[in-house]
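Colleague: I've got the model open and I'd like to learn how to read it feature by feature. Can you walk me through it?

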Amino acid sequence: MLGRTLQRHFRQHELCIAGRPEVDVADGRCVDQAVAAFRPDVVIHCAAMTQVDACEAEPDKAYRINALGSAQVARAAARHGARLIAVSTDYVFDGSAARPYHEFDAPAPRTVYGASKWAGEEAVRRHCPDHTIIRIAWLYGEDGPSFLHTMLKLGAQAGAPLKVVHDQTGNPTSTDAVAELIGQLLERPLPGVVHGSCEGEATWFEFARAIFERAGLRRELVPCATAEFPRPAPRPANSRLEKRMLRLAGFPPMPHWQVALEKFIS
Ligand SMILES: NC(=O)c1ccc[n+]([C@@H]2O[C@H](COP(=O)([O-])OP(=O)(O)OC[C@H]3O[C@@H](n4cnc5c(N)ncnc54)[C@H](OP(=O)(O)O)[C@@H]3O)[C@@H](O)[C@H]2O)c1
């Protein structure tokens, strides 16, 4: 989803797009050959196993892609003199804090997905000194699947009122906003970890309500608790990310999620 947005956003740049059919990120030789052949200035690493429940069921696969894969990408970028921008997640935190997490908070993942992404971050730090790790959350974009796509589909169907979780809070974030941030980071590198979700916060219920309003969908929404939808991987109650690094480095703030959503829907 993010990769496709970046492909459109950076049309003016000389791009080498590598999806899973071209490059298996966990295959070191394959990654190295791809980077050696193109000799990029920057490698943007979006590949991941992102289905959090599937990661619980298949931890080896999750670590192979998210941890080993990130290590191979980082090693290849460093070996061929490229900067690395790697994408990570709020799931590196346990979600129990009463405030948004900033870049200097200690990660404590509670899921296989979060732990494997944290291992991937560690690998990036270890293998590629010239890196930026962008942590994002609650992502949607033109290409799904995402919560927004599910809501647009369900909202257009007739049926009983739709229950949506109202006790998890996060920053709904468009892939376009992340692409804008990556564009800024290409011009002005910022080393280390950078939180890059949109500003403002919402529960899933509030996000769904905003999607329905803007898309003109009339199906009734009802708030509910996380406990009503037990899932294999626990969902963080608090996915909010404070953009401390962007603020300290004098970058413009990320757009408010409602502004980004309006732009996306229109
Ligand atoms: N979606 C969110 O809400 C969210 C939130 C926070 C952070 N993130 C992070 O943002 C980044 C982009 O997420 P996204 O939502 O764009 O994910 P996505 O749509 O699931 O895309 C991930 C891509 O990685 C590819 N991939 C999987 N295994 C691979 C392998 N071994 N080698 C090469 N490619 C492989 C997938 O290919 P296949 O389709 O063939 O599997 C897919 O094209 C990820 O790092 C993710 O952890 C996402």
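This is a predicted model: local features need pLDDT of at least 70, side-chain atom pairs count only at pLDDT 80 or more; totals for chains, interfaces and linings use all residues.

Colleague: Which strand pairs with β2, and in what sense?

Modeller: β2 pairs with β3, again in the parallel sense, over six bridges. For one example, take Thr-89, whose bridge partner in β3 is Ile-136. To get from β2 to β3, the chain passes through helix α5 (residues 112-127), and this β-α-β crossover is right-handed.

Colleague: Now a contrast. Why does Gln-51 count as partly exposed?

Modeller: It's a neighbour count again. Buried takes 20 or more C-beta atoms within 10 Å, and exposed takes 12 or fewer. Gln-51 has 14 C-beta neighbours inside 10 Å, so it counts as partly exposed. You'll find Gln-51 in the loop between β1 (42-45) and α3 (52-57). Between Gln-51 and Ala-62, the C-alpha to C-alpha distance is 9.2 Å, with 11 residues separating them in sequence.

Colleague: What about the nonpolar core? Which residues touch the most other members?

Modeller: The largest nonpolar core here has 70 residues, and Val-73, Ala-74, Ala-77, Leu-84 and Ala-208 touch the most other members. Helix α4 (residues 59-79) gives the most to this core, nine residues. For Ala-208, set aside the neighbours within four places in sequence, and the contacts are Met-151, Val-164 and Leu-221.

Colleague: And the ligand: how many residues surround it, and which are closest?

Modeller: Read a shell by who is in it, then where they come from. 23 residues surround the ligand, and the closest are Met-1, Leu-2, Ala-47, Ala-48 and Leu-139. The elements giving two or more residues to this shell are α1 (2-9), α4 and β2 (83-89).

Colleague: How does the shell split by class?

Modeller: Around the ligand you have 15 nonpolar, five polar and three charged residues.

Terms used
Residues are numbered from 1 along each chain as its sequence is written. A nonpolar core is a set of buried Ala, Val, Leu, Ile, Met, Phe, Trp, Tyr and Cys residues joined through C-beta atoms within 7 Å. Helices (H or I, at least four residues) and strands (E, at least two) are DSSP runs, numbered from the N terminus. Two residues are in contact if their C-beta atoms, placed from the backbone, lie within 7 Å. A residue is near a molecule or strand if its C-beta atom, placed from the backbone, lies within 6 Å of it. Ala, Val, Leu, Ile, Met, Phe, Trp, Tyr, Cys and Pro count as nonpolar, Asp, Glu, Lys and Arg as charged, and the others, Gly among them, as polar. Two strands pair if DSSP finds at least two bridges between them. A crossover is right-handed if, with the strands pointing away from the viewer, the path from the first strand over the helix to the second runs clockwise.
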